[in-house]
Amino acid sequence: MNTKKILTVGFLILCMVLLAGLSKAYLDGKFHSVETLQQYVRGFGAFAPVILVALQALQVVVPVLPGFLGSAGGFWCDYIGISLGSVIAFALAKRYGTSLVQSIFPRDKYEKYSEWAGRSRSYTVLLFLGMVLPLFPDDFFCYFSGLTRKGLKKFAAIIVLGKPWCILAYSIVFGLIT
């Protein structure tokens, strides 16, 4: 078995274990609010930042997870996890194509944006603004961008430069609310 297949299988096993653990935590009521999630993550002690980064990445890759995960931890854990998840979603869409994206998101949403992106010259600008602005459907656009001709380096640069501002806004608002 080559290295790429071993890494893919390892990643899938890791995702399955993480998903099983998250499912149990959800059923145990650990995700009912930001406070219960924070308490759950703190229970991992020194590994809490790693768990939070993994949760943040998983929130992007599995877009049905609750959105409040984006404001559940410290800025750096949120930023690293969400950026990592965004790049993984992009790479999954590049690898598995339209069928994956259409299986995750409504077909009409996909068709609307694919038609627009196919003729738009400002897609990169919109993507960057979407990563900067809160309440943008960025999970969808991470997957959708993987279907475009955009390369991983350019996409990663947009995430790295744009995402911190959105996460900072959420962190400030969340900090003021609690």
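Author: Let's start at Thr148, which sits in the loop between H7 and helix H8 (152-177). Before going on, a word on the ground rules: this is a predicted model, where local features need pLDDT of at least 70, side-chain atom pairs count only at pLDDT 80 or more, and totals for chains, interfaces and linings use all residues. Residues are numbered from 1 along each chain as its sequence is written, and side-chain values use heavy atoms, with hydrogens and water left out.

Helices here are DSSP runs of H or I with at least four residues, strands are runs of E with at least two, and both are numbered from the N terminus. Back to Thr148: its side chain reaches the backbone nitrogen of Lys150 at 3.2 Å. That's a polar contact, meaning a pair of N or O atoms within 3.5 Å; within protein, one must be able to donate a hydrogen and the other to accept it, and residues adjacent in sequence count only if both atoms are side-chain atoms. Setting aside residues up to four places away in sequence, Thr148 also touches Lys94 and Tyr123; contact means heavy atoms within 4.5 Å.

Now step back into H7 itself. Eight of the eight residues of H7 are buried, so this helix is largely enclosed by the rest of the structure. Buried means under 20% relative accessible area, exposed means over 50%, and partly exposed is in between (1.4 Å probe, protein chains only). The buried residues of H7 are Asp138, Asp139, Phe140, Phe141, Cys142, Tyr143, Phe144 and Ser145. Across the chain, buried residues make up 38% of the 178 residues.

What does H7 pack on? One partner is helix H4 (residues 75-104), which meets H7 (residues 138-145) at an angle of about 85°, with the axes 6 Å apart. The axes are lines fitted to C-alpha atoms, for helices over the stretch in contact, and angles run from 0 to 180 degrees between N-to-C directions. H4 and H7 are therefore roughly perpendicular to each other. The naming goes like this: under 35 degrees is roughly parallel, over 145 roughly antiparallel, 65 to 115 roughly perpendicular, and the rest oblique.

On the H4 side, the residues are Ser86, Ala89, Phe90, Leu92, Ala93, Lys94, Leu100, Val101 and Ile104, and they meet Phe140, Cys142, Tyr143 and Ser145 in H7. Sorted by class, this contact has 10 nonpolar, two polar and one charged residues. Here Ala, Val, Leu, Ile, Met, Phe, Trp, Tyr, Cys and Pro count as nonpolar, Asp, Glu, Lys and Arg as charged, and the others, Gly among them, as polar. Notice Lys94 again: it is in this H4 contact, and Thr148 touches it too.

Ile172 is partly exposed, with a relative accessible area of 47%.

Of the contacts with a separation of 6 or more, 68% come from residues 24 or more positions apart.
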